Amino acid sequence: MKPAPVEPRRVAGRVVGQSPLRVWGLPSEVRLQRQFARVGATSDAASAERHVLLRADWVYDEALVRGLAAATADLALAGPDGRVVAASVDSAAVDDAARQVAAGQAPAGARRVTPAELADGYNDALRKREPPYLLPLTGDALPQIEQRVFGASYKGVTDLVTLYVWPRPARAVTRWCANVGITPNQVTTASLVLVLIAMALFWTGHYATGLVAAWAMTFLDTVDGKLARVTLQSSPLGNVYDHGIDLVHPPFWWWAWIVGLPAAGWPIDNGAGVLTAIVAGYVLQRVEEGIFIACFKMDMHVWRRFDSKFRLVTARRNPNLLILTVAVLAGRPDIGIVAVAVWTVVSLVIHALRIVQAAIERRRGPLRSWLAAAT
């Protein structure tokens, strides 16, 4: 006879105190309530077995809220100055605990913990390691707070354009979108329109204007994800919408580029072979990434430092656009698309070698990401 399934503990979230300040357009209480919802904490206090208490005059990394929600014993989270700013407590003690947290003191019997003890700082979804933030919410510090929250929303392992070129302008546009109420899905829809415009321009050999549309799309592709994270509006549907577009459109751009070469005055003899190399290489690289995750339980690009560095330039959309941009500036869009095909094949081979190397190393024990292993 199978044992009865254990029901998950019911955890409620409670905001302690108030703050008139907004972070990325969100009132503090709304922001904290969204964080509660994201970690599975209900607003139904009566049915909860445990409570997570967060002061409204502090800004919390989601990893800290998640750690408090998962706690099985009473915890008191202390800020940099030693004052208690949050807690996880049994439901029977919640009212007294809320008064203690409001006063900056630990609830009776709660173990004091620091942010580093509550969350180790490794974010697998964003492929990076950084200390979780815990920041006092004051008017003077608000620009630095928003900058820190935005930085925490950024992937640590990605291509060189996204990592080094887009952050500053993306932060400005993300702030504007948050302030005027533009949603992440609306930004994604605008990027989809730019995908189609770029494809149409490439198809007719208008490469310079097509590249403007394409780069604008990649910029908005950065903005929509950051906007979703800083305003806590990420959703399964939005994730599918955004990543679905990202996954599907690049091969169509490269196809349109090849079709447009005769109109631009640069036909190539083996366009079908070039397109086959690019599309097959693109698909097979995605398959390689899936194989790596299935076999080694981690993203291919976070295994070793080399893999994270190679992700900067591997044959994905933005590095390929860089190659094509240089080619158009040099007046040879035909050489550009051939170079993309060659680089795609080279990247495919390098990834295959990394899978083989990982399989050999796993014989000595489980693989671990260099980011997860960092101290």
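The legends below describe several close-up views of one predicted model.

In this predicted model, local features need pLDDT of at least 70 and side-chain atom pairs count only at pLDDT 80 or more, whereas totals for chains, interfaces and linings use all residues. Residues are numbered from 1 along each chain as its sequence is written, and side-chain values use heavy atoms, with hydrogens and water left out.

**View 1**
The chain has 15 helices and 11 strands, where helices (H or I, at least four residues) and strands (E, at least two) are DSSP runs numbered from the N terminus. Along its principal axes, the C-alpha trace spans about 80 × 55 × 40 Å. Of the 375 residues, 48% count as buried; buried means under 20% relative accessible area, exposed means over 50%, and partly exposed lies in between (1.4 Å probe, protein chains only). Among contacts between residues at least 6 apart in sequence, 74% join residues at least 24 apart, a contact being heavy atoms within 4.5 Å.

**View 2**
Five strands form an open sheet in the order β1-β4-β7-β6-β8, with mixed pairing; two strands pair if DSSP finds at least two bridges between them. Strands β1 (11-16) and β8 (111-113) stand at the edges with a single partner strand each, so one side of each is left without a neighbour in the sheet. From one strand to the next, the twist averages 20°. Helix α2 packs on the sheet and touches β1, β4, β6 and β7 (84-90), and its direction makes about 150° with that of β4; axes are lines fitted to C-alpha atoms, for helices over the stretch in contact, and angles run from 0 to 180 degrees between N-to-C directions. Strands β6 and β8 run parallel and are joined by three bridges, and Leu75 stands opposite Arg111 in β8.

**View 1. Helices α10 and α14 where they cross.**
The axes of helix α10 (residues 236-264) and helix α14 (residues 333-362) come within 10 Å and cross at roughly 145°. The contact is made by Trp254, Trp257, Ile258 and Leu261 of α10, together with Pro333, Asp334 and Ile337 of α14. By class, this contact of α10 with α14 has six nonpolar, no polar and one charged residues, where Ala, Val, Leu, Ile, Met, Phe, Trp, Tyr, Cys and Pro count as nonpolar, Asp, Glu, Lys and Arg as charged, and the others, Gly among them, as polar.

The structure holds 16 salt bridges, each defined as a side-chain nitrogen of Lys or Arg within 4 Å of a carboxyl oxygen of Asp or Glu. In one of them the side chains of Asp74 and Arg50 meet (2.8 Å, N to O). Asp74 lies in the loop between α2 (62-70) and β6 (75-78) and Arg50 in strand β4 (residues 50-55), so the pair ties together parts that are 24 residues apart in sequence. Arg50 counts as buried, at 7% relative accessibility. The side chains of Asp57 and Arg55 also meet in a salt bridge (2.8 Å, N to O); Arg55 counts as buried at 8% relative accessibility, whereas Asp57, at 25%, counts as partly exposed.

Asp221 forms a salt bridge with Arg317, and the closest N and O atoms are 3.1 Å apart. The pair links distant parts of the chain, with Asp221 in helix α9 (residues 207-230) and Arg317 in helix α13 (residues 317-329), 96 residues apart. Both Asp221 and Arg317 are buried. Elsewhere, salt bridges that share partners join Arg38, Glu62 and Arg66 into one network.

Leu232, in the loop between α9 and α10, has a positive phi of about 55° although it is not a glycine. Lys297 lies in the loop between α11 (271-296) and α12 (305-311), and its phi is near 60°, a positive value in a residue other than glycine. Leu232 counts as buried, at 9% relative accessibility, whereas Lys297 is exposed, with a relative accessible area of 69%.

**View 2. The surroundings of Ala45.**
Ala45 is found in the loop between α1 (28-38) and β4 and is partly exposed, with a relative accessible area of 43%. Not counting residues up to four places away in sequence, Ala45 touches Ala12 and His51. Ala45 and Ala263 are 218 residues apart in sequence and 66 Å apart in space, C-alpha to C-alpha.
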